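Q: Please take a close look at the salt bridges of this structure, and then at the nonpolar core. I am new to this structure and would welcome one connected account.

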Amino acid sequence: MRAMRLERPGGPEALRLRDVPTPEAREGWTLVRVRAFGLNRSELFTRRGASPDVRLPRIPGIECVGTVERSTDPRLPAGTVVAAAMGGMGRRFDGSYAEFALLPTAQLIPVRTELPWTTLAALPESWLTAWGTLDTLDLRPGHRLVIRAATSSVGMAALALAAGGGVETAATTRDPGKRALLREHGADHVLLDTGNGIGDAVRSVWSDGADRIVDLVGGTAVLDSLKALAPRGRVCNTGILSDTWTIPGFEPLEDIPSGATLTTYSSSEINHGDRARDALDDIVRRVESGACRVGIDRVFALEELVAAHRHMEANRATGKVVAVVHHT
């Protein structure tokens, strides 16, 4: 089979198209014919060598959609449409940057849908992460929600899931040219993030601040998000688009307003179990009905992943970057 393999850390060109043996299905592991997959910033970290637990060579890719090729599980006959995300994909074992992927059977989510592969591929990691983040925030009708870095794939998914649910939304972006796009995707308010804090912009919309904030920037931006909260509000830090893992000098008693909540959501929670299956089924139904619009930035072929990584690294993407696999 053909695969984009990472043999040593480096720039986008470190990804090499190789012919490698097709894995064999075995007990507990199912061979999936990969049809398409979303790309994620964590794969940039892996490619750069910033994921110390990843041993090379490795086929990256933390999510995919496709069809069962071979399985020892009678509940997954050949041809079953499945989705998979996280759980060690592309890190502890080879992932989705290939024509086939051998994946733990327990983390495959069967999907009933007629959605195109490119649309379905945009959903597993980003949309389940957004779904879990909003659930962690206990988002309810009547809340006022800020989504920071709303043009990211998770941000666009969170905006789509929140819009129309009785929640008033404010989406932030650093690019004034993306304001219209965010409004088209359901944002009630679009706030320009100048890098000098969002508190004034948030309070220009809601005088006492936001009830809930999805922070996809991370690092010191989290402290800024806390300052933009209404009394007893909540911030969920889900992303690190700032590429910063820590908050220097963080003092919880000083930096978290009294009565406020700072929490996180890890996408490692999304890869198995009834909850994940039910969540993805709900998301698929919403997309199929037109209630939620999927924001796809660009579609690349498997052979074009070097260009796809350059595109992501330049922060040019608005929404999800997707790759399709054309089988030979």
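A: A salt bridge is a side-chain nitrogen of Lys or Arg within 4 Å of a carboxyl oxygen of Asp or Glu. The model described here is predicted, and it holds 23 salt bridges.

One of these pairs is formed by Asp-211 and Arg-144, whose closest N and O atoms are 2.9 Å apart. Asp-211 belongs to strand β11 (residues 210–215) and Arg-144 to strand β8, so the pair ties together parts that are 67 residues apart in sequence. Buried means under 20% relative accessible area. Asp-211, with a relative accessible area of 14%, is therefore buried, and Arg-144 counts as buried at 17%.

A salt bridge also links the side chains of Arg-148 and Asp-215, with an N to O distance of 4.0 Å. Here Arg-148 lies in strand β8 and Asp-215 in strand β11, so this pair too ties together parts that are 67 residues apart in sequence. Arg-148 is buried, its relative accessible area being 3%, and Asp-215 is buried at 0%.

Another pair sits within a helix. The side chains of Arg-285 and Glu-288 meet in a salt bridge at 2.9 Å, N to O. Both residues lie in helix α9, 3 residues apart, which is about one turn of the helix. Arg-285 is partly exposed, with a relative accessible area of 26%, and Glu-288 counts as partly exposed at 38%. Through salt bridges that share partners, Arg-112, Asp-281, Arg-285 and Glu-288 are joined into one network.

The account now turns to the nonpolar residues. In soluble globular proteins, nonpolar side chains tend to be buried together. The largest nonpolar core of this model has 52 residues, and those that touch the most other members are Leu-123, Trp-127, Leu-145, Ile-147, Leu-182, Leu-280 and Val-287. Elements that each supply at least two residues of this core include strand β8 (144–148) and helix α9 (273–289), as well as α3 (124–136) and β15 (320–324). The largest share, 8 residues, comes from α4.

Leaving aside its neighbours within four places in sequence, Leu-280 is in contact with Ala-83, Ile-109, Val-111, Leu-123 and Leu-128.

How values were computed:
Residues are numbered from 1 along each chain as its sequence is written. This is a predicted model: local features need pLDDT of at least 70, side-chain atom pairs count only at pLDDT 80 or more; totals for chains, interfaces and linings use all residues. Side-chain values use heavy atoms; hydrogens and water are left out. A nonpolar core is a set of buried Ala, Val, Leu, Ile, Met, Phe, Trp, Tyr and Cys residues joined through side-chain atoms within 4.5 Å. Buried means under 20% relative accessible area, exposed over 50%, partly exposed in between (1.4 Å probe, protein chains only). Helices (H or I, at least four residues) and strands (E, at least two) are DSSP runs, numbered from the N terminus. Contact means heavy atoms within 4.5 Å.
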